[in-house]
Amino acid sequence: MLITGCSYKSILDSNYFCEKFNLKCIKNNERVAFKTSKGDFDVVLYGENSPVTVSNFIENIKNNIYENKSFYKLINYNQVQIIHSGVNPENNYDNQENRNLNKLKPNIPLEIKLKKEIEPKYSYQIVDPFEISNIAHIFEKGSLAMVKIGERESSSTEFFFVTNKFPELDGRYSIFGKVVKGIEVLEKIDKDDLIYEIIIFN
């Protein structure tokens, strides 16, 4: 399809990617509740600044792909812990789950919003110190981000939390939410604890 009157770069916005991945584009902040084996915690999702990532995550929740999934990896540093969960399509699943996984999106673009820009940057790591100082969301206590695939893409199904500030990761991952209630529950999560379900607030 020939597109006239606009540059290639200008069409690669959130609407373009929502259409490409057949997502209902969510451009407002949402709130969800994680029900886990250690208790519950609430997360605000940054739809205003990360519409593609949030829209994909909400669709995954509606498709119940996170039900009874484990926090499968914990990485400990001096002052911070990285807590991984979600679905790793490379793992072995039973036949029914494999059928469900076949419906999942492929990798989605890395999505990072700068404060004064209208649209997020897509498939672009932020490395310039000035731009890093103007990122809309940095890694802080309770931040939620997608696992990254290569330099330009995020997993469509795997995510992680951090339990404290982690500036070394700023500009490298799509941060799309933050724990706003129950951070003490997140801090108690151990490897192989379960997400029973994630509930979307009305």
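The predicted model has a mean pLDDT (the predictor's confidence in each residue, from 0 to 100) of 89, with 86% of residues reaching 70 or more. Local features were assigned at pLDDT of at least 70 and side-chain atom pairs at pLDDT 80 or more, whereas totals for chains, interfaces and linings use all residues. Residues are numbered from 1 along each chain as its sequence is written, and side-chain values use heavy atoms, with hydrogens and water left out.

Helices (DSSP runs of H or I, at least four residues) and strands (E, at least two) are numbered from the N terminus. Helix α3, residues 51-62, reaches 16 Å from its first C-alpha to its last, close to the 16 Å expected at 1.5 Å a residue, where the expected span is 1.5 Å times one less than the number of residues. Among the buried residues are V54, F57, I58 and I61. N64, which follows α3, has a positive phi near 60°.

Strands β2 (residues 39-45) and β11 (residues 175-181) pair (at least two DSSP bridges) in the antiparallel sense over four bridges. L45 has G177 of β11 as its bridge partner. An antiparallel pairing over three bridges also joins β9 and β11, and L144 stands opposite G177.

H137 lies in the loop between α5 (129-132) and β9 (143-149). Its side chain forms a polar contact of 3.0 Å with that of N49.

Terms used
Buried < 20%, exposed > 50% of the residue type's maximum accessible area, 1.4 Å probe, protein only. Polar contact = N/O pair within 3.5 Å; in protein donor to acceptor, adjacent residues only side chain to side chain.
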